[in-house]
Amino acid sequence: MTMKKAIDPFDKSTDFSLVMGGPLFQLLRRSHLSGNAQELLKKRILVISAVAWFPLLVLSVLEGQAVGKSVAVPFLLDLEVHNKFLVILPLLIVSELVVHQRMRFVVKQFLERNLVPESALPRFDAAIASTFRLRNSVFAEMLLIAFVYVVGVLIIWRHYTALTTATWYAVPSGEGLNLSFGGMWYGYVSQPLFQFLMMRWYFRLFIWARFLWKVSRIGLSLVPTHPDRVCGLGFLSNTVYAFTPLVVAHGGLLAGFITNRIFYLGATLPEFKIELAVIVVFLLCVVLGPLLVFVPQLAEAKRTGNREYGMLAERYIREFDAKWLRNGAPADEPLLGSGDIQSLADLSNSYEVVRTMRIVPITKEAVLRLAAATLVPVVPLALTMMPLEELVKRLIAVVF
């Protein structure tokens with residue numbers, strides 16, 4: 001009878017990936033558009049972007065709506081569509097490679113830093129296995145496709161995001177949108193493809209949040225005196241670097257949406273200040289929000305650390321006082337060069353680390369980086385409000 005070899009959680013954490021799984025990933029591999037580790041990136045971007053954008057060009061040319069004044073917004077001047085399929089869509093694909101390369105090392109650090117006690121390794125292994133099962137779920141991606149067509153296309157796109165003027169893809173009427181042939185491809189192929197990739201990213205963020213929640217239910221071995229001042233969990237804040245391309249894609253998508261409404265519907269940039277604030281808050285919640293599941297353990301570690309190191313400091317100080325100030329030291333023991341004073345300083349530093357440790361594993365730098373990455377694509381739209389020269393002068397005044 002052969003013994004089944006146990007799976008080492010360390011090996012699983014090394015291979016951890018939010019993106020290398022699911023029906024679409026397997027389809028891309030079989031179509032030779034992806035390798036086992038997200039290779040063939042340029043080919044994948046070219047093919048998927050071409051499927052979404054090129055038929056729109058061809059159909060709009062055949063219908064005479066690529067240029068000219070037959071409609072208010074011809075295809076070649078529809079900046080939102082070009083931005084969506086030639087800039088944002090490639091960014092969503094690039095994000096897969098970046099997240100795959102960075103996140104696998106994040107999960108690995110739970111074990112490298114000895115944060116997971118040996119007794120909890122089976123639970124950590126179960127959390128990874130559960131994450132893989134959900135990531136690979138066929139049913140989940142089928143639900144995403146259904147959601148995209150029923151909600152994303154028939155409701156959101158038709159009634160909320162489509163322009164309310166005559167465009168190359170549709171002419172508004174009392175009964176809704178009358179789609180052109182290009183509009184049919186746009187509405188039932190290109191738009192669903194884009195929305196599916198976006199919704200798939202939200203699903204992955206949910207999987208990541210669920211994994212962190214499961215890990216937070218484990219009694220982690222937290223050290224209050226760790227120099228990162230979050231008991232060794234400081235590496236989690238660096239996940240913002242992995243998700244930066246995805247965050248930029250969201251900012252770029254909103255910038256494209258605003259651009260068309262400024263140029264063709266007479267809107268102004270300040271009218272979208274609420275949307276800009278909402279997208280920043282939304283991305284802060286979905287990218288950094290999941291890290292808050294560790295707050296209870298960090299708060300408990302801080303309380304325990306303050307109590308234990310306070311007691312240790314009290315004991316050491318009394319013994320130090322008795323020895324050096326109350327004639328407790330041997331007459332022949334010199335004060336100069338004694339290690340007692342250095343130990344006192346080291347203990348004071350440790351106690352200060354515990355006292356000032358944070359209970360939230362999120363840094364101010366991570367929050368600012370995420371907000372900046374979101375808003376960078378919108379910055380060029382400031383030129384619609386003032387000349388470039390005036391904008392540069394104001395930026396210099398702010399910086400200097």
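I took a disulfide to be a pair of cysteine sulfur atoms within 2.5 Å, and by this rule I counted zero disulfides. The structure is a predicted model, in which local features need pLDDT of at least 70 and side-chain atom pairs count only at pLDDT 80 or more, whereas totals for chains, interfaces and linings use all residues. Residues are numbered from 1 along each chain as its sequence is written, and side-chain values use heavy atoms, with hydrogens and water left out.

C231 is buried at a relative accessible area of 2%, while C285 is partly exposed at 48%.

**Positive phi**

Most residues other than glycine have a negative phi. I noted that C231, although not a glycine, has a positive phi of about 60 degrees, and that C231 sits in the loop between α7 (181-216) and α8. Helices here are DSSP runs of H or I with at least four residues, and strands are runs of E with at least two, numbered from the N terminus. H32 is not a glycine either and has a positive phi of about 60 degrees; I found H32 in the loop between α2 (23-30) and α3 (41-62), exposed with a relative accessible area of 56%.

**Helix α10**

I checked the span of α10 (residues 273-288), whose 16 residues reach 22 Å from the first C-alpha to the last, close to the 22 Å expected at 1.5 Å a residue; the expected span is 1.5 Å times one less than the number of residues. Which residues of α10 are buried? I listed L276, I279, V280, L283, V287 and L288. These cover an arc of only 120 degrees around the axis, which puts them on the same side of α10, the arc being that of the directions from the helix axis to the C-beta atoms. The face turned away from the buried side of α10 carries the exposed residues I274 and V278. Contact means heavy atoms within 4.5 Å, and what covers the buried residues of α10 includes α8 (239-242), α9 (244-265) and α13 (364-375).

**T259 in α9**

I placed T259 in helix α9, where T259 is buried with a relative accessible area of 10%. Leaving aside neighbours within four places in sequence, T259 is in contact with L79 and L381.

**Aromatic rings**

I paired rings of Phe, Tyr and Trp (its six-membered ring) if their centres lie within 6.5 Å, calling planes under 30 degrees apart stacked, over 60 edge-to-face and the rest tilted. A search of the whole structure finds 17 aromatic pairs. One of them is W208 with F211, which is stacked at 5.8 Å centre to centre and 25 degrees between the planes. W208 and F211 both lie in helix α7, three residues apart, about one turn of the helix, and both are buried. Ring pairs link W208 and F211 into a cluster with F16, F110, F124, F132, F235 and F294.

**Charges over rings**

I counted a charge as over a ring if NZ of Lys or CZ of Arg is within 6 Å of the ring centre and within 35 degrees of the ring normal. R135 lies over the face of F132, at 4.6 Å from the ring centre, and R104 lies over the face of F105, at 5.6 Å from the ring centre.

Technical notes. Buried means under 20% relative accessible area, exposed over 50%, partly exposed in between (1.4 Å probe, protein chains only).
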